[in-house]
Amino acid sequence: MNEHIELETSALDKLSPAYPARAAWGTAAPLRAWQHDAITQYFTDNPRDFLTVATPGAGKTTFALTVASELLARRIIDRVTVVAPTEHLKTQWAQAAAKVGIPIDPTYSGGKGRTSGDYVGIAVTYAGVATNPLAMRIRTERFKTLVILDEIHHAGDALSWGEAVREAFEPARRRLALTGTPFRSDVNPIPFVTYEPGPDGVPRSAADFTYGYGHALRDHVVRPVLFWAYNGELQWRTRAGDEVSARLGEPLTKDMAAHALRTALDPNGSWIASVLEAADRRLSEVRKTFPDAGGLVIATDQDSARAYADVLARIAGEKPVVVLSDEKTSSKRIEKFAEGDARWMVAVRMVSEGVDIPRLAVGVYATTIATPLFFAQAVGRFVRARKRGETASVFLPSSLPLLGFASELEVERDHVLGRKVTDEGDIFAPEDAMVAQAQAGEAASDELTGAYEALGSSATFAHVLYDGAEFGHAGEVHVGSDEEMDFLGIPGLLEPDQVRSLLQTRQRQRRELNAGTPARAVDEEPDVTAHERLAVLRRELNGLVAAWNHRTGTPHGVTHAALRKHCGGPAAAVATAAQLQARIDRLREMAAKKSS
C-alpha cells in the first residue's frame, strides 16, 4: 500500500479547521504554519520514528493528535498509546483526543490487561511503563500501534525507564516523540532518538522537526516574557553559629549562593512577601486588559507552598488555589482554576511541565531548583498565547544562574551523550536527582547542613530582563516605589517590539526626570566618590557582564576590557560613577543590537 497519499484528500483537511478550535482549554485556531509544515514533512518522509522539538505553548498536542487521526484514517495504525510524564497529563491527553474522536483510556495500567472496546487508545506514564514493560509490549504487538512519547526526555531520567520504554515499544508500527524543553547532558541515550556526532565528535540528538521559542515569538504563537529580577539584603545563621550577611545578585560562593536563595524564599521573611506583593500588582495591571488573567507561584515544597498561599491571601484578598501533589483531586483543582477566573494558584512541581492553563500571565519562580530544564519547563507555563499582543511576566530572585537561563530563553539545546558530570551541582546533572535534592531542602555542602536558620531578608527591584537586555533605574529601587511602578504598570497587551520600546522609554523618562531635579547629577560632579552610588553601579555593571557571559560565552574579563577600551577609564574597582554608567549604557546597547 502506498502511504504517500496527498494531504489535500486526507482526513487532515477535515481536522484542520475544526480540531484545534476544540482542543483542550483553547489550544489554538486552525493549524498553525509550523504544525502544517511538520505534518507535511512527517507524511513525506513516512518515518517509523519522528522527533519533534517545539517550544512550550506551540501546540505539540494538536500536531500529534492530527498525525494520529490521519494514520488511523489511512489504516496504517489501529491503536494509539500515549506515554506522559504525570497522571494529570494522561487525563489532559485523553480530554484533547476525545474532542477529535479518538477515545483514550487514561486509567489503563499494565496489570489491567484489556480495556473497554470503546477505546482506540490508552494513556500511561513513564513510571507505569517501567512497572510492567512486558505487558505493554504484548499489547503493542497485538495491534498496529502508534506510540506518542510526550516529553520524551523523561525516558532518560533513569536507565531502567529508558530500558522499559525500549522493551515495551520496540514492536510499535510508528513512534512519535515530542519534547518542548532543552535536553540535558548525560550518558543515558533516549530510546528511539537518533544521535549524530557534533563538531566536537560528541553524539547529539537529531530532531526531525524543530520549532524554537524565538521562531514561535516571531510568529506570534507564544507571548514575549518579561523577567522581573529582585535583589535583596539577606541574613542567616550557619551551623557553627556564625551570622552571615549577603546581597542577592552579587557573585557568591556555591554555599553562600544556595543559602542566600533559601533565605530569600523563606516564607517568614520580607523578601518573598515583597515580591509576591509586586507580582500581585503586576497581575492587577494585566487584568485591566485581560480580566481572567491568572498567576502561578512555583514553590520548592509543600510547606512553603501553603505558607506562600497564606501570604498571598492577605495581599490579594482572595485565597489562592493550592496544588500540592499529583493526585486526582489536584488535577480537578488545576482544571477548575484553568476554566475559572481566580487570581492565584500555588503549586509545587506538577504544574511545571505540560499542564495547559492559557490564562496564566504572571508567575513567581519561588523554588530553589536551578536547572535549565526545570526553568524552561516552568517558564513554559506562561508563554501560551490566546490572542496577539499578550505578554507574560515571571518574577525571580537575582540569582546569576536563573538570570542566565532567562537570558538564554531562545537558545536551542540537544541531548548530549558522554559528557562527564564532575560536580553534584552541575547544571547538567541528572534532573530528578537535583529536584529531589532541592525539594528535600538539602544544603549545598556537608559543612553547612543541619542548623541553617534564616534570620531576615529585604527586597529591592533590580531590573526587567527582556530578550537578553536589562532595563531598570540607577540606584536602589524600593518595592512599592514610583520607580518600580514605571515597569510594573506596563500594559499587558503589547507586541514584542513595543515591549522593548516601552521599556527603553520608561527607563529614559525616569533618568531625565531625575536629571531635572535639584539632586546632584553625575556630570555636574565628575569625581563622585560616594560609596553607596559606586557600589550600586559596580553591582549593575557586574550583573550585566554576567548576563552577557551567559548569552555569548564571552569571559567576564574580556567584556570588562572591551568596555574599558571603548569608554575609557581605569578598572571598575577605581572607576568614577560617570565611567561606570558609560560602560553600563554601552553594554546595554550591545545587547540591544544583538537582539535586533
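Contact here means heavy atoms within 4.5 Å. The model is predicted.

Arg 282 lies in helix H11, residues 270-287. Leaving aside neighbours within four places in sequence, Arg 282 is in contact with several residues, including Trp 228, Phe 395, Phe 487 and Ile 490. Which backbone oxygen lies 2.3 Å from a polar atom of the Arg 282 side chain? That oxygen belongs to Ile 490. Arg 282 is buried, yet has no salt bridge. The nearest side chain of opposite charge is Glu 285, 6.0 Å away.

**Salt bridges elsewhere**

Side chains of opposite charge can pair when their charged atoms come close. The structure holds 22 salt bridges. Here are some of them.

| Pair | N to O distance |
|---|---|
| Arg 175 and Asp 49 | 2.5 Å |
| Arg 137 and Glu 170 | 3.4 Å |
| Asp 486 and Arg 510 | 2.7 Å |

Take Arg 175 and Asp 49, which form a salt bridge. Arg 175 lies in strand E6 and Asp 49 in strand E1, so the pair ties together parts that are 126 residues apart in sequence. Arg 175 counts as buried, at 5% relative accessibility. Asp 49 counts as partly exposed, at 26%.

Next come Asp 486 and Arg 510, whose side chains meet in a salt bridge. Asp 486 sits in helix H17 and Arg 510 in helix H18, so this pair ties together parts 24 residues apart in sequence. Asp 486 is buried, and so is Arg 510.

Salt bridges also link Arg 223, Asp 292, Arg 386 and Glu 390 in a network.

Terms used:
Residues are numbered from 1 along each chain as its sequence is written. This is a predicted model: local features need pLDDT of at least 70, side-chain atom pairs count only at pLDDT 80 or more; totals for chains, interfaces and linings use all residues. Side-chain values use heavy atoms; hydrogens and water are left out. Helices (H or I, at least four residues) and strands (E, at least two) are DSSP runs, numbered from the N terminus. Buried means under 20% relative accessible area, exposed over 50%, partly exposed in between (1.4 Å probe, protein chains only). Lys and Arg count as positive and Asp and Glu as negative; His and the chain ends are not counted. A salt bridge is a side-chain nitrogen of Lys or Arg within 4 Å of a carboxyl oxygen of Asp or Glu. A polar contact is a pair of N or O atoms within 3.5 Å; within protein, one must be able to donate a hydrogen and the other to accept it, and residues adjacent in sequence count only if both atoms are side-chain atoms.
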